[in-house]
Amino acid sequence: MANHLTQKFSPLLGNYSKYKIGIVCAEWNAEVNNLMLVNAEKTLKILGIKKVDVIKVPGSFEIPFAAKQLLQNKYDAVICFGTIVKGETMHDVVLAHSVTDALMTLNIQQNIPVILGVLTVNSQKQALDRANGKYGNKGKECAEAAIRMIEVKNELKVKKAKN
C-alpha cells in the first residue's frame, strides 16, 4: 500500500478552532465527490474546526472560479473536490491540466493554501478506491493537508517576524 498523508500528519499547533475552511465540491461524479466531502468535514470537525463553508459547483472545470471567490472572503484554506474520469477522447487530460493549473495559480497568487482533491482516474472504481478505499481517504487527507499548510504559513510568518 502507498504511503499516505494520513499516516504522516502530526499537528503542530493543536488549536484549530479559529480556522475558517472553504470547500468547493463538484456535483459531476457526485458519488465520489460527496464521499470526499463527508470525510473532509468529519476530519475537520474532529480537529476542532468550527467554520466550514461548502460551495457546490456543476463540474471540475468550475472549481477554480468558486475557489477564487472563497479566497477573496478571508478563508484560511480552500479544499477542492472533483473527479475526472478518463473517457474516449482527450477531454479528461485537457480538463485536468486546466483545473490543476488554475488551482496552482490561485495557491501562489492568493498566498492562501488551496488543496487539490481533484481525482484524475481511469474508472469509477479507481475513484472510489482513492476517495475512501484501499488506496486512501482523499477527503481526510485533504483536510489534514489544509491544516498542515495553514501551520506552515503561520510558521513562516513567525520566522519572518524574528528576522
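**Notes on the predicted model**

1. Starting with charge: the chain carries 22 positive and 14 negative side chains, and the centres of these two sets sit 9 Å apart. Keep in mind throughout that this is a predicted model.

2. On the overall fold, I count six helices and four strands in the chain. Read from the N terminus, the order is α-β-α-β-α-β-α-β-α-α. The radius of gyration comes out at 16 Å, close to the 15 Å that the globule rule gives for 163 residues, so the chain is as compact as a globular protein of that length. As for its outline, the C-alpha trace spans about 55 × 30 × 25 Å along the principal axes.

3. A word on packing and surface. Of the 163 residues in the chain, 42% are buried. Among contacts with a separation of 6 or more, 77% are between residues 24 or more positions apart. The chain exposes about 9,000 Å², with carbon and sulfur atoms supplying 56% of that area.

4. Helix α6 deserves a look. It covers residues 138-162, which is 25 residues, and goes 36 Å from its first C-alpha to its last. That reach is close to the 36 Å expected at 1.5 Å a residue. Its buried residues are Gly139, Glu141, Cys142, Ala143, Glu144, Ala145, Ala146, Ile147, Ile150 and Glu151. Do note that Glu141, Glu144 and Glu151 are among them.

5. What does threonine 43 touch, once its neighbours within four places in sequence are left aside? The contacts are Lys140, Ala143 and Glu144. Threonine 43 itself belongs to helix α2, residues 30-46, while Ala143 and Glu144 are on the list of buried residues of α6. Threonine 43 has a relative accessible area of 8%, which is under the 20% cut-off, so this residue counts as buried.

6. Staying with helix α2, asparagine 33 is also placed there. Buried or exposed? Asparagine 33 is buried, since its relative accessible area is 0%. Not counting residues up to four places away in sequence, asparagine 33 touches Cys25, Ala26, Trp28, Phe81, Gly82 and Thr83.

7. Threonine 43 is in contact with Ala143 and Glu144, among others, and asparagine 33 has Trp28 and Phe81 among its contacts.

Definitions and conventions. Residues are numbered from 1 along each chain as its sequence is written. This is a predicted model: local features need pLDDT of at least 70, side-chain atom pairs count only at pLDDT 80 or more; totals for chains, interfaces and linings use all residues. Side-chain values use heavy atoms; hydrogens and water are left out. Helices (H or I, at least four residues) and strands (E, at least two) are DSSP runs, numbered from the N terminus. The radius of gyration is taken over C-alpha atoms; the globule rule is 2.2 Å times the number of residues to the power 0.38. Buried means under 20% relative accessible area, exposed over 50%, partly exposed in between (1.4 Å probe, protein chains only). Contact means heavy atoms within 4.5 Å. Accessible areas come from the Shrake-Rupley method with a 1.4 Å probe; for residues, only the protein chains shown count as cover. Lys and Arg count as positive and Asp and Glu as negative; His and the chain ends are not counted. The place of a charge is taken as NZ of Lys, CZ of Arg, CG of Asp or CD of Glu. The expected span of a helix is 1.5 Å times one less than its number of residues.
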